[in-house]
Amino acid sequence: MSAWASAIDNLTWQQDIPCIVAAGNLPLDSRIGLTRLSVREHLNENRIYPDYLLEDSCRIANPAQSFQPLTIGSIPLNSYHALPYSSIGQKDQPSPF
């Protein structure tokens with residue numbers, strides 16, 4: 001667990017306050033650390049959206065692995081395709097936001 005996640009755990013426990021964190025977002029252009037690739041880097045490697053969201057470099061981001069807070073992420077329950085409208089996210093895949 002990261003120092004950031006640990007600090008959030010301590011604060012939520014000691015102060016008895018609710019905390020909500022995002023499961024993670026990918027940066028558009030710049031890499032985070034050595035392993036968290038940007039969207040552009042995934043696309044440059046010829047990885048197709050949303051397939052690259054299942055790569056190890058897209059796993060739950062810091063500090064979402066902390067124990068105490070509520071971690072929010074989403075997976076679409078369904079897809080919609082009726083021209084001219086279509087959902088961006090596909091059923092049972094990581095959401096595009």
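Tutor: Here is a walk along the first helix, then its surroundings, then the wider chain.

Keep in mind that this is a predicted model. Helix H1 takes in residues 3–15, which makes 13 residues. From its first C-alpha to its last, H1 reaches 18 Å, close to the 18 Å expected at 1.5 Å a residue.

Now look at which side chains are tucked away. The buried residues of H1 are Ala5, Ile8, Asp9 and Thr12. They cover an arc of only 100° around the axis, so they sit on the same side of H1. That buried set packs against strand S1, residues 20–22. Turn to the face that points away from the buried side and you find the exposed residues Ala3, Gln14 and Gln15.

There is another neighbour to check here, and it comes from much further along the chain. Serine 66 lies in the loop between H2 and S2. Leaving aside its neighbours within four places in sequence, serine 66 is in contact with Met1, Ala5, Ile8 and Asp9. Serine 66 itself counts as buried, because its relative accessibility is 7% and the cut-off for buried is under 20%.

Next, follow the chain out of the helix. Just after H1 comes aspartate 16, with a positive phi of about 55°. Aspartate 16 belongs to the loop between H1 and S1, and the positive value is found here in a residue other than glycine. With a relative accessible area of 68%, aspartate 16 is exposed.

If you like that detail, there's a second case to look up. Asparagine 46, in the loop between H2 and strand S2 (70–72), has a phi near 60°, again a positive value in a residue other than glycine. Asparagine 46 counts as exposed too, at 70% relative accessibility.

Past S1, the chain heads for the other helix, and this is where the salt bridge turns up. The count comes to 1 salt bridge. Arginine 40 pairs with aspartate 29, and their closest N and O atoms are 2.2 Å apart. Arginine 40 is in helix H2 (residues 39–44), while aspartate 29 is in the loop between S1 and H2, 11 residues away. Side chains of opposite charge can pair when their charged atoms come close. Arginine 40 is partly exposed, with a relative accessible area of 43%.

Leucine 83 and proline 84 are joined by a cis peptide bond, with omega at about 10°. Proline 84 sits in the loop between strand S3 (81–82) and strand S4 (85–86).

The protein has 2 helices and 4 strands, and along the sequence they follow the pattern α-β-α-β-β-β. So how does the overall shape compare with a compact globule of 97 residues? Such a globule would have a radius of gyration near 13 Å, but this protein has 16 Å. The C-alpha atoms fill a box of roughly 50 × 30 × 15 Å along the principal axes.

Among contacts with a separation of 6 or more, 47% come from residues 24 or more positions apart.

Key. Residues are numbered from 1 along each chain as its sequence is written. This is a predicted model: local features need pLDDT of at least 70, side-chain atom pairs count only at pLDDT 80 or more; totals for chains, interfaces and linings use all residues. Side-chain values use heavy atoms; hydrogens and water are left out. The expected span of a helix is 1.5 Å times one less than its number of residues. Buried means under 20% relative accessible area, exposed over 50%, partly exposed in between (1.4 Å probe, protein chains only). The arc is that of the directions from the helix axis to the C-beta atoms. Contact means heavy atoms within 4.5 Å. A salt bridge is a side-chain nitrogen of Lys or Arg within 4 Å of a carboxyl oxygen of Asp or Glu. The radius of gyration is taken over C-alpha atoms; the globule rule is 2.2 Å times the number of residues to the power 0.38.
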